[in-house]
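These are my notebook entries on a two-chain model.

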Amino acid sequence: MECSPLFISLKAAIIATCITFILGIYSAYFSIRLNKLKGLADGLFTLPLVLPPTVVGFLLLVLLGKNSLIGKFLLSYDISIVFSATATIIASIVVSFPLMYRTARGALEQVDKNIIYVARTLGLSEHEIFLKIMIPNSFNSIIAGTILAFARALGEFGATIMIAGNIPGKTQTMAVAVYSAVQAGNRELAYKWVGIIVIISFASMILLNMFESGKVKKHGKGGF
Amino acid sequence: MEKGVFKILYVNIKKKFKDFQLNVEFESKDEVLALLGSSGCGKSMTLKCIAGVEKPDSGQIILNGRTLYDSSKKINLCPQKRKVGLLFQNYALFPNMTLEQNILMGIPKNHPDKLGLLKEKIESFSLQGLEKKYPSQLSGGQQQRVALARMLVNSPELILLDEPFSALDTYLRWQLEQELVSTLKDYKGTSLFVSHNRDEVYRISNRIAIMKDGKIETISSKKDLFKNPSSMNGAILTGCENISRAKKIGEKRILALDWNLELECDESVLDNIEYVGIRAHHIDHCNDSIYDNHFNLNIIDFIEDLFNKIVILSSNGNAPLYIKLSKEDFKDLNINSKLDISIHKKNILLFYC
């Protein structure tokens with residue numbers, strides 16, 4: 001059995017999760033501080049969650065394809081995103097981002113307002129409050145969001161096949177490999193990939209539940 | 001308009017939110033000023049505007065000659081620069097930090113001897129040995145002391161206390177109140193104290209502002225307020241049990257409409273009299289008709305309190321009158337029997353519209 005889909009998937013999911021982690025948290029922070037355009041920003045950030053992945057993939061193709069502005073610009077440096085390993089990462093980022101964003105936003109919003117008010121009157125800068133108070137106090141939820149984003153990135157199929165294609169050893173992820181195997185009538189191979197995906201996803205969900213139910217504790221006993 | 005330059009704190013702000021209009025103006029010198037009002041009257045919002053975590057629509061806030069907020073000059077200092085301390089009911093300690101990290105957060109970054117100051121405060125608030133504990137591992141009293149220490153190391157020019165005791169049980173409340181009072185005594189500056197609890201306000205503050213529907217009705221020293229509340233809201237908030245609609249019927253006489261009693265007053269009654277108030281403990285039990293305002297009323301019911309009993313009286317089905325008697329006086333009273341009472345002229349509170 002060719003193992004490359006596992007590594008391509010893990011590589012794409014891990015890199016995508018790292019980027020989504022930072023993007024998601026900062027977008028959440030940005031969005032909760034908005035007053036008027038909050039609804040618009042929120043809608044935009046959540047859109048990839050509700051759009052069919054093929055639509056996301058199509059839009060990415062339009063945005064990054066050889067005829068697009070970005071595509072032409074990158075091509076002048078001999079970089080082509082479409083049908084490359086980078087494309088698998090980009091697809092994973094886009095589809096996992098809303099999950100990270102929404103969990104982070106919920107977690108940051110739940111931090112006691114009074115704590116933030118007091119921190120301000122004590123002279124802590126907004127960025128310090130964000131890094132030293134808001135993030136640590138929503139740590140469990142943020143980690144839960146990260147795991148969720150990772151699981152989503154790992155299972156990404158629709159956008160990936162649109163923008164990255166199905167090139168074995170290059171862009172063929174596990175989810176795509178299942179599709180290919182079924183298409184080729186190779187049930188046995190499909191079962192193997194399905195088994196691996198189910199195990200990884202299930203393990204992620206157990207980890208997620210541990211963080212969400214607060215079994216992993218940080219500050220003293222009982223929490224605050 | 002350079003009002004307030006020589007005052008310690010001058011506040012004049014307006015803010016509209018939903019269908020509520022906040023419109024307060026007051027000054028405060030080196031004292032503890034209480035804002036007393038029922039929930040939703042805008043007292044917490046006033047504090048938040050002064051702290052800078054909420055923005056008023058218009059007005060001015062001046063602290064020790066520094067303009068914190070001035071809508072006409074487009075000045076709105078961020079909370080970080082206002083030098084104002086906030087103390088909340090839940091103390092708002094940073095749950096992810098230990099006791100000493102919490103206090104360190106309050107120490108200004110350019111302070112020359114952070115650890116020295118930290119050690120000094122930990123000692124003066126008797127928090128030794130707890131330095132590495134997290135807030136969730138501290139008792140309510142210890143949490144309050146950490147919050148006070150964290151606030152005071154920041155050397156604020158004004159302290160804002162937002163219902164600091166409302167979540168506590170009676171015993172703990174009393175203890176923490178004593179600690180807070182002694183801390184405030186040592187503090188050189190103005191404190192604003194927000195509460196809906198009249199007893200607490202009376203014990204802690206020097207002056208009291210009565211707030212209702214986003215406005216300050218009166219500001220007076222606490223002695224004056226409890227003796228002679230000038231508004232009916234003030235009377236209710238300071239715990240006046242008996243209030244009735246009233247009508248003038250003579251130079252110094254009124255008719256309390258709800259009780260159907262004619263009352264003789266100490267002062268001349270104005271025509272626009274609206275309500276009359278009598279505190280339950282100002283009604284005496286007596287047998288002699290030589291006293292002021294002597295009545296013989298039916299006993300309808302009793303309410304038992306910790307140290308005294310409240311007797312509910314009425315004349316022929318009119319609105320009830322509450323009187324407080326010590327358990328001694330109370331011995332041989334029965335429901336449906338009659339009771340002689342008198343109300344001293346000077347204890348009748350008149351409210352005009």
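**Entry 1. Core of chain B.** I began with Leu160(B) and looked up its contacts beyond four places in sequence. I found Leu47(B), Ile50(B), Ala51(B), Val84(B), Gly85(B), Leu86(B) and Leu192(B). I note that the model is a predicted one.

I then asked which residues touch the most other members of the largest nonpolar core. They are Ala34(B) and Leu160(B), in a core of 118 residues. Helix α5 of chain A, residues 85–110, is the element that gives the most to this core, namely 14 residues. I also recorded a second, separate core of 25 residues, with Ile254(B), Leu297(B), Leu325(B) and Ile343(B) among its members. As a general remark, nonpolar side chains tend to be buried together in soluble globular proteins.

**Entry 2. Chain B overall.** I counted nine helices and 21 strands in chain B. Its C-alpha atoms fill a box of roughly 75 × 50 × 35 Å along the principal axes. Of the 353 residues in chain B, 39% are buried. I also looked at contacts with a separation of 6 or more in chain B, and 63% of them join residues 24 or more positions apart.

**Entry 3. Strand β17(B) and its partners.** Which strands pair with β17(B), residues 294–304? One is β20(B), residues 338–343, which runs antiparallel to β17(B) and is joined to it by five bridges. Within this pair, Asn298(B) has Lys338(B) as its bridge partner. Another is β18(B), residues 308–314, also antiparallel to β17(B), with six bridges. Here I noted Phe302(B) bridged to Val311(B).

**Entry 4. Helix α3(A).** I checked the length of α3(A), which has twelve residues, 53–64. I then listed the buried residues of α3(A): Val56(A), Gly57(A) and Leu60(A). Seen down the axis of α3(A), they fall within an arc of 100 degrees and therefore line one face of the helix. I recalled that an α-helix has 3.6 residues a turn, so residues three or four places apart point the same way. The cover over the buried residues of α3(A) includes α2 (38–50), α5 and α9 (158–163) of chain A.

**Entry 5. Helix α7(A).** Which residues of α7(A) are buried, and which are exposed on the other side? I found Ile129(A), Ile133(A), Met134(A) and Asn137(A) buried. Their directions from the axis of α7(A) fall within an arc of 85 degrees, so these residues line one face of the helix. On the other side of α7(A), I found His127(A) and Leu131(A) exposed. The buried residues of α7(A) pack against α5, α6 and α8 (139–154) of chain A.

**Entry 6. Contact between the chains.** I looked up how many residues each chain gives to the contact: 21 come from chain A and 24 from chain B. On the side of chain A that touches chain B, the elements giving two or more residues are α6 (113–121) and α7 (126–137). The largest share of this side of chain A, six residues, comes from α6(A). By class, this side of chain A has eight nonpolar, nine polar and four charged residues.

**Entry 7. Positive phi in chain B.** I noted two residues other than glycine with a positive phi. Tyr91(B) has a phi near 65 degrees and lies in the loop between β7 (84–88) and α2 (99–106) of chain B. I counted 24 other C-beta atoms within 10 Å of Tyr91(B), which is therefore buried. Glu163(B) has a phi near 45 degrees and lies in the loop between β8 (158–162) and α5 (170–186) of chain B. Glu163(B) counts as buried because it has 20 C-beta neighbours inside 10 Å, and 20 or more is the cut-off for that class.

**Entry 8. Ile199(A).** Is Ile199(A) buried or exposed? With 10 C-beta neighbours inside 10 Å, Ile199(A) counts as exposed. I located Ile199(A) in helix α11 of chain A, residues 187–212. I also looked up its separation from Phe139(A), 60 residues away along the chain, and found the two C-alpha atoms 25 Å apart.

Terms used
Residues numbered from 1 in each chain as written. Chains lettered and ligands numbered in written order. Predicted model: local features only at pLDDT ≥ 70, side-chain atom pairs only at ≥ 80, totals over all residues. Contact = placed C-beta atoms within 7 Å. Helix = DSSP H or I, 4+ residues; strand = E, 2+ residues; numbered from the N terminus. Nonpolar A, V, L, I, M, F, W, Y, C, P; charged D, E, K, R; others polar. Core = buried A, V, L, I, M, F, W, Y, C linked by C-beta atoms within 7 Å. Buried ≥ 20, exposed ≤ 12 C-beta atoms within 10 Å, placed from the backbone. Pairing = 2+ DSSP bridges. Expected span 1.5 Å × (residues − 1). Arc of directions from axis to C-beta.
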